[in-house]
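Good morning, everyone, and thank you for making time for this.

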Amino acid sequence: MKSKLRLADLPRRPADILKQHEGPLTRDLLRTPGHFGLGQVPERLAPEATTRIVCGYCSTGCGLTAHLRGGRAVNLSPDPSYPVNLGMACPKGWEALSPMQAPDRATTPLLRKEGELVPASWDEALGEMASRFGAVAETHGQGAAAFLSTGQIPTEEMLALGVLAKFGMGMRHGDGNTRQCMATAVVAYKEAFGFDAPPYTYADFEQSDVIVLVGSNLCIAHPIMWERICRNPHDPEIVVVDPRKTETAMAATQHHAIRPKSDLPFFYAIARELIRRGAIDREFVDAHTEGFEAFRRFVEPYAIEAVAPDVGVAPDAIRHLARTIERGERVSFWWTMGVNQSHEAVRTAQALINLALLTGNIGRPGTGANSITGQCNAMGSRLFSNTTCLPGGHDFENPAHRTKIAGLLGIEPSRIPEENSLAYDQILDEIEAGRIRALWVIATNGAHSWIQQGRAREILAKLDVLVVQDLYADTETAVLADIVLPAAGWGEKEGTFINSERRIGLLKKVHEAPGQALADFHIFRLVAEAFGCGDLFARWPKPEDVFETMQEISKGQPCDISGIEGYAMLEREGGIQWPLAEGQPLESSERRLFADGRFPSADGRARFCFESPRAAPEAPDDAYPFVLLTGRGSSSQWHTQTRTRRSAVLRKLYRDECGVEIHPKDAKRLGIEPEEVVCVRSRRGSLEARAWVRETVPEGALFISMHDAATNRLTQSVVDPYSRQPAYKHCAVRLERIA
Ligand SMILES: Nc1nc2c(c(=O)[nH]1)N[C@H]1C(S)=C(S)[C@@H](COP(=O)(O)OP(=O)(O)OC[C@H]3O[C@@H](n4cnc5c(=O)[nH]c(N)nc54)[C@H](O)[C@@H]3O)O[C@H]1N2
Ligand SMILES: Nc1nc2c(c(=O)[nH]1)N[C@H]1C(S)=C(S)[C@@H](COP(=O)(O)OP(=O)(O)OC[C@H]3O[C@@H](n4cnc5c(=O)[nH]c(N)nc54)[C@H](O)[C@@H]3O)O[C@H]1N2
Ligand code: SF4
Ligand SMILES: [Mo]
């Protein structure tokens, strides 16, 4: 039986709801009158002490030491004993407390009344949510509600949300901001390896003799990974493939400034050259891969001389990179958003996977085809959020998987949808078409970050009801909401994050959430009660119980974590990389996948995947002659800036205004002076920005950081056909002088 909304039962008081599930954490909660934060600082911590907590910004997953006074964190410093960062941290990590302790956090639920968002009690807000979602379900069916979540809450909360929304509230569709970020890597790995499995460990940065970074600005976006490269004692060749001369490109030993979106022919030409020279690992290819012959024939037309003019790199430079890879003994290939955010993103990621397979650079120290993730828990969202796959990498369309998951959750298999969820862009299309009418947004700010923002905002405005659950009530998305639910965030709750190298790290509560803000975990539990499906949480009084469920779900999967002995073991070991199956010894604090050449596909082999390049959808023309590139601006800014702009220290570390990088020759041609304010216009919208005249961008291209709220007015709704990840890094724009 699918659970139905029981509007008559609603609403009940949060305190009553929590009492039903009273456990060690909720007991504290109930003892604190008027305060609904999750629990106290764990009792094992002395009031004046230090404790380790994993950073909540990027996927590097650094360990930070929280310094407590009176049981509350007053300062942070990098943890020298954590295997990820070895005593280093970037400015965001050092400054992670102040945005949380900012005076303008969301402290009560808000309800829109007569056009204004006004404070309300949890009872009112959840009652309103249940009755409005209920009304939508009654008129338009259960499928008319959907959710959009995130890579920035603990995995336990992601699982709780996914289970609640899809198996409790009856939603068919839910996706996350990981679509904007990692969907490409997921699909590329699944097709090539048989499972979404980034194979590396950070020690590989130190063990490579050739490091190839593609569409990845490590110095800015993953500074501590860059520090790991700096510790490499082998004097490595560091190759950057990026149209921009980024901070990372400047520090590299080779920079290939390819034309935007010409990665495919570039890497196919390198593959052809390696094959032609016999510089491949034929033994590895024969024993462990599928499809080499077809790939060899496919790349035949991609001669270096033939592709060079389109790629915009001299033939000798391309040949030099092929030789570099050929000579390397331990070559690692790394990619980030320059690859993932493209109209042909999956095939581009696979072009890199192909190179690693061809040359046998996988499964050994210092090698790999390595997707670097973005958010602190993107990897958790990929595996356990119940959006694109059933938890633990299971398949909605596989009846055996549905039965297994239902059994482990103690629910009827019929509560599990039999088809995959729509992707983010398709959910927006359904809203536009009037078929999805209620949306719940958790820990993401799509009204700023989604591609072609003007259209996204128009679509959000069509909803019958929009609920936004965030730390702050003034995000670009929260101000559009009908109901705002105030969430406790990083450092205010327990749970785990999974970093880029598959390491599960521990998040702890080191200070109180303000006002009535609640851990997302508790909000989900209250919502479950309000929607008449509180049974789903019966086995989960606290996040660590959800972790146990994750372990059971993972059993027998490539991401098996059944061998982890609870949070205590994560604490003791400094995080643990998946897999660690029951009985498997933890030989080392850094482990990589595929050492035996076996891949998690049905036949144990990896596949060469390839396809002819396609032109980017919006080529520059006379009216819009520039290509616009977007991305991270500085190591002190995070995405839509809801957190980082609340730190006075971080604000001093970047220029707090919108700037457009333009090549000096283009500026001169257009008569634009350095620092002049100009208008950047695309077919979809425009913004004003200061001209930053620099050789960091090639002629004919402009760069604007994604942190500015207006940037996505310019971008165009284009997605990769396989991953449905937006192509944020290519659209046509023009520059106008402001009279
Ligand atoms: N300080 C900071 N760090 C962050 C984040 C943040 O907001 N701030 N966000 C985190 C997240 S979620 C993510 S996903 C990562 C992103 O990390 P990165 O992907 O490293 O960052 P981006 O700047 O988005 O893009 C990387 C580069 O792709 C290049 N590029 C554009 N088009 C092409 C192309 O066609 N081919 C190639 N080869 N390159 C191209 C751009 O010029 C850019 O330099 O950063 C994470 N770390
Ligand atoms: N033009 C352009 N656009 C881009 C990109 C690009 O390169 N160029 N990159 C894309 C990428 S890779 C990404 S990942 C996205 C990121 O896009 P978003 O996810 O929209 O960006 P964030 O600012 O990280 O939004 C996270 C929100 O969650 C809230 N939050 C933080 N912690 C918690 C918590 O514990 N609980 C709750 N409930 N809320 C919390 C924050 O306050 C914030 O409002 O942007 C994408 N957009
Ligand atoms: S590099 Fe990433 S994980 Fe490390 S301190 Fe900076 S933001 Fe946090
Ligand atoms: Mo991302």
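Predicted model: local features only at pLDDT ≥ 70, side-chain atom pairs only at ≥ 80, totals over all residues.

Let me begin with the interior. In general, in soluble globular proteins, nonpolar side chains tend to be buried together. In this model the largest nonpolar core has 178 residues, and the residues with the most contacts inside it are Phe133 and Trp440. There is also a second, separate core, which has 23 residues and includes Leu428, Ile436, Ala456 and Leu463.

Next, please turn to the open sheet of five strands, whose order is S10-S9-S8-S12-S13 and whose pairing is parallel. Which strands stand at the edges? They are S10, residues 254-256, and S13, residues 368-371, and because each has a single partner strand, one side of each is left without a neighbour in the sheet. On average, and ignoring direction, neighbouring strands of this sheet are turned by 15° against each other.

If we look at one pair in detail, strand S12, which covers residues 331-335, pairs with S13 in the parallel sense over four bridges. Here phenylalanine 333 stands opposite alanine 369, which belongs to S13.

Two helices that pack on this sheet deserve a mention. Helix H16, residues 315-327, touches strand S8 (210-214), strand S9 (237-241), S10 and S12, and its direction makes about 130° with that of S10. Helix H18, residues 345-358, touches S8, S12 and S13 as it packs on the sheet, and its direction makes about 170° with that of S12.

Now to the ligands, starting with ligand 1. It is surrounded by 33 residues, of which the closest are Ala221, Asp242, Lys261, Met337 and Gln637. How far is an N or O atom in the side chain of aspartate 242 from an oxygen atom of ligand 1? The distance is 2.7 Å. The backbone takes part in the surroundings as well: a backbone N or O atom of isoleucine 220 lies 3.4 Å from a nitrogen atom of ligand 1, and a backbone N or O atom of glycine 338 lies 3.4 Å from an oxygen atom of ligand 1.

Around ligand 2 there are 34 residues, and the closest are Gln152, Asn177, Ser449, Asp470 and Thr640. For threonine 640, a polar side-chain atom lies 2.6 Å from an oxygen atom of ligand 2. A polar side-chain atom of aspartate 520 is found 2.8 Å from a nitrogen atom of ligand 2, while a polar backbone atom of glutamine 469 is 3.1 Å from a nitrogen atom of ligand 2.

Let me finish with the backbone. Tryptophan 578 and proline 579 are joined by a cis peptide bond, with omega at about 0°, and proline 579 has its place in the loop between strand S20 (576-577) and strand S21 (606-607).

Alanine 443, although it is not a glycine, has a positive phi of about 55°, and its place is in the loop between strand S14 (438-442) and helix H22 (446-449). Arginine 502, also a residue other than glycine, has a positive phi near 70°, and it is found in the loop between strand S17 (492-498) and strand S18 (503-509). Are these two residues buried, partly exposed or exposed? Alanine 443 is partly exposed, because its relative accessible area is 21%, whereas arginine 502 is buried, with a relative accessible area of 1%.

Definitions and conventions
Residues numbered from 1 in each chain as written. Chains lettered and ligands numbered in written order. Heavy atoms only, no water. Core = buried A, V, L, I, M, F, W, Y, C linked by side-chain atoms within 4.5 Å. Buried < 20%, exposed > 50% of the residue type's maximum accessible area, 1.4 Å probe, protein only. Pairing = 2+ DSSP bridges. Axes fitted to C-alpha atoms, helices over the stretch in contact; angles between N-to-C directions. Contact = heavy atoms within 4.5 Å. Near = heavy atom within 4 Å. Polar contact = N/O pair within 3.5 Å; in protein donor to acceptor, adjacent residues only side chain to side chain.
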